[in-house]
Amino acid sequence: MLPISLSITIDRADSRTLPVQLADRIRSAIDDGELEPDSRLPSTRALSVDLGIARAVVEKAYEQLVAEGWLDPRRGSGNYVRRIPRAGRSVAVSPSAQAPPRTPPRISLRPGIPWTPPSASDAWKRAWRDVGSTPPPADYPDSAGTLELRTRVAELLRRARGLHTTPASIVITTGSIHGLDLALGALSVAESIEHVLALENPGYKSAAALATHRGWSVHDVPVDGAGLIVEQLGSAPPRTPAVYVTPSHQYPTGAFMPIGRRRALADWARDNDSMIIEDDYDSEFRYGAAPLPTVAELAPDRTVYLGTVSKTLGAGIRLGWMVAPRSMVDRISATRRAIGDLPSVPVQQAMTSMLRDGEWDRAVRTARRLYRTRDRMVAAALARFGELRGVGAGLHTVLVLDSDDAARAVATSCATKGVDVPTLEHSTRSPTARGGIVVGYGSVSDDELDYAIIILVEALEAALLS
């Protein structure tokens, strides 16, 4: 089937961005019946030449339309208009709209939930076809994970994070919390230690819940604009065996821990015979400055490094990795063998295929382009209301505010208009000096984010001016 021709005019004086203009025009053409179902659109290269715009503009518009369900990407063939039932179909909201043309479903700005590019979904399907062509594993798997995957992960960490390690120091997990559980289990063997885990506050509540479930006490350590305040670790009980941190993009405040504080944290761990559990949960996404060296690179003998695919392919994959000193790896592997906590071979094979064929890198690059645009848009909209943290990285931005102002904004104006916005209080276990609003922009569509930000800005104006 030959691609259809499109009559499109790009207005550079329009306040909307070029990808939004293009997506809006194609969306309208589909909605009005100008483009029939199963029509093939021009290639990104051909349309960019016809319109005199960058190919990346067309790619972004197509990716957005695919994500919204308007287009159907077919490998090796192009993008086709998807058959969409007329009844009940939602109407897109342009960025310049002041209100949606319909009553929308609730929009959640919950942080940490990613957008998975359609190309990544296709790659994941191909990876599983590769898995399906191999016989099912006949024996129990290696408790540390397949050597092939651990080798690929070592290569990934070396080129993406500057972390030099070997397959022998890597354990495949089902995610960061599973890695934390394995680390605490290995540390619990030493009967002479106090079972206390130092944690960031605000911080990742699931980490605190896991520690408590395992019989550990939790000691809250405050954070500031540079992450965990290392000096405050002095208030922890003597011989605290571990501290859990998210230094590259503190969860949830978004703070970046500078190199000086990372070195101070490494020194504290050595001086106190403690382990640092470094959760590097979204380091794939940086928009501008390169990420700082991992704490694990600064103190490999004192750090357990955790990584996950939950912020790229999605949390449902249940796959991650940890890098730890060899003595801990041996202990963890022995425990997993004893209790049958063994990683799934087919899932590992699929991930190995993604890494081997470069599909992981392509998925990250595609998502990074989208998140970069959203990161800048959110920052531009909220900067006038106060201090922003986390800008330039990850899948969320934090607006630091008085706790009462934050609660008033999201509990009244936002909630009543269908927008759910979490506050820092949701991640706070003990009182803190400041609160704030957490704006997660990973899982929503562009139109949903546009509408949510309009509502949030109106709510903030009302809360801060009242």
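**Serine 143 and helix 5**

A: Serine 143 sits in the loop between helix 4 (118-132) and helix 5; helices are DSSP runs (H or I, at least four residues) numbered from the N terminus. This is a predicted model, where local features need pLDDT of at least 70, side-chain atom pairs count only at pLDDT 80 or more, and totals for chains, interfaces and linings use all residues. Residues are numbered from 1 along each chain as its sequence is written, and side-chain values use heavy atoms, with hydrogens and water left out.

Q: Is serine 143 buried or exposed?

A: Serine 143 is buried, at a relative accessible area of 2% (buried means under 20%, with a 1.4 Å probe and protein chains only).

Q: What does serine 143 touch?

A: Not counting residues up to four places away in sequence, serine 143 touches Val171, Ser333, Arg336, Arg337, Leu342 and Pro343; contact means heavy atoms within 4.5 Å.

Q: Switching topic: at what angle do helix 5 and helix 11 cross?

A: The axes of helix 5 (residues 147-161) and helix 11 (residues 345-356) cross at roughly 40 degrees and come within 9 Å. Axes are lines fitted to C-alpha atoms over the stretch in contact, with angles from 0 to 180 degrees between N-to-C directions.

Q: Which residues make that contact?

A: Helix 5 gives Glu148, Leu149, Arg152, Val153 and Leu156, and helix 11 gives Gln348, Met351, Thr352, Leu355 and Arg356.

Q: And what is tryptophan 360 in contact with?

A: Leaving aside neighbours within four places in sequence, the contacts of tryptophan 360 include Leu156, Met351 and Leu355.

Conventions. Helix = DSSP H or I, 4+ residues; strand = E, 2+ residues; numbered from the N terminus. Buried < 20%, exposed > 50% of the residue type's maximum accessible area, 1.4 Å probe, protein only.
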